[in-house]
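Subject: Structure handover

Hello,

Here is the structure for you to open. Please keep it on screen while you read my notes.

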Amino acid sequence: MIDDGERLGLYVGFYMIITLVLIMARRVIPFFTERGVGYSVTLKNYRWIDLSIPPLMVAFVVAEVADAGHLLSAVLAGALLLLNSIRLVGWYTSGIWRKPLLWVLHVAYMLLTLAFGLKVASVLWGLSPFLAVHTFALAGIGLMTLGMMARVSLGHTGRDLSEPPPQVQWMFLLLCIAIVLRVLLPLLFPAHYPLWIILSQLSWILSFALFALCYIPILVSSRIDGRPG
């Protein structure tokens with residue numbers, strides 16, 4: 001029998017999802033950005049970064065499940081923080097801020113990258129390790145998933161991606177607020193920790209409830225372009 005097997009299984013599964021998000025984001029974020037900002041732009045991608053991140057992430061997962069507080073885990077997280085930051089800079093163009101379906105993906109990736117920094121801080125300076133975990137979960141899984149669902153639900157039903165429903169920016173902002181409430185405010189004002197948790201939960205619920213109200217009619221209707229699906 002493996003001691004602490006439940007924790008090991010949960011964290012291996014959790015970080016494998018984050019790894020898949022990183023791989024998927026490399027493919028879709030620059031692709032969507034170049035075609036969605038409304039002007040000609042060629043974003044920068046670096047092959048050495050593309051080849052470095054997956055093995056570094058696997059090594060980070062192994063280090064995390066073996067000994068989350070070990071210096072090796074912080075070193076690997078620091079390397080991933082640096083490489084993903086360089087990648088983000090190469091993907092940036094100012095036009096994303098006029099397109100909610102674009103800025104949400106960039107913000108989600110930025111916060112996912114920040115989570116590696118919080119991991120470094122937890123090892124070197126005693127910050128709670130759960131701040132990094134919740135940032136990975138809320139941004140890397142929650143916000144990235146919401147942004148992708150909002151986009152593909154429109155594209156795969158024949159709708160114009162340049163004119164999303166006006167509610168999308170509010171559902172994205174609500175989830176960003178949930179991240180601030182769950183990660184930043186407990187760090188700054190720990191005495192009110194239960195309040196921040198409750199408010200973060202409410203923001204998360206409202207965000208996905210708004211998505212459901214807005215997108216269920218879209219998803220249960222026929223494509224508006226008359227094509228099958």
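Predicted model: local features only at pLDDT ≥ 70, side-chain atom pairs only at ≥ 80, totals over all residues.

Residues are numbered from 1 along each chain as its sequence is written, and side-chain values use heavy atoms, with hydrogens and water left out.

Helix packing

Two packed helices are described by the angle between their axes and the distance between the axes. Axes here are lines fitted to C-alpha atoms, for helices over the stretch in contact, and angles run from 0 to 180 degrees between N-to-C directions. Helices are DSSP runs (H or I, at least four residues), numbered from the N terminus.

Start with helix α4 (residues 100-124) and α5. They pack at an angle of about 165°, with axes 8 Å apart. α4 and α5 are therefore roughly antiparallel (the term covers angles over 145 degrees; under 35 is roughly parallel). Their crossing is left-handed. That means the near helix is turned anticlockwise from the far one by less than a right angle; clockwise is right-handed. The contact of α4 with α5 has 22 nonpolar, four polar and two charged residues. In this scheme Ala, Val, Leu, Ile, Met, Phe, Trp, Tyr, Cys and Pro count as nonpolar, Asp, Glu, Lys and Arg as charged, and the others, Gly among them, as polar.

Next, helix α6 (residues 167-188) and helix α7 (residues 193-219). Their axes are 8 Å apart, at an angle of about 165°. α6 and α7 are therefore roughly antiparallel. α6 passes α7 in a left-handed crossing. Their contact holds 21 nonpolar, four polar and one charged residue.

Then helix α1 (residues 5-36) and helix α3 (residues 71-91). The axes come within 11 Å and cross at roughly 15°. That makes α1 roughly parallel to α3. The crossing is right-handed. From α1, Leu22, Ala25, Arg26, Ile29, Pro30 and Thr33 meet Asn84, Arg87 and Trp91 in α3 (contact means heavy atoms within 4.5 Å). By class, the residues are five nonpolar, two polar and two charged.

Single residues

Is Thr135 buried or exposed? Thr135 is buried, at 2% relative accessible area (buried is under 20%, exposed over 50%, partly exposed in between, with a 1.4 Å probe and protein chains only). Thr135 sits in helix α5 (residues 129-155). A polar atom of the Thr135 side chain lies 2.7 Å from the backbone oxygen of Leu131. Setting aside neighbours within four places in sequence, Thr135 is in contact with Leu111, Ala115, Leu118, Gly140 and Val183.

Arg223 is in the segment after α7. Arg223 counts as buried, at 14% relative accessibility. The Arg223 side chain reaches the backbone oxygen of His156 at 2.9 Å.

Leu51, in helix α2 (residues 47-66), is exposed, with a relative accessible area of 53%. Leu51 and Leu20 are 31 residues apart in sequence and 14 Å apart in space, C-alpha to C-alpha.

Leu124 belongs to α4. Leu124 is partly exposed, with a relative accessible area of 43%.

Best wishes

Definitions and conventions
Helix = DSSP H or I, 4+ residues; strand = E, 2+ residues; numbered from the N terminus. Polar contact = N/O pair within 3.5 Å; in protein donor to acceptor, adjacent residues only side chain to side chain. Parallel < 35°, antiparallel > 145°, perpendicular 65-115°, else oblique.
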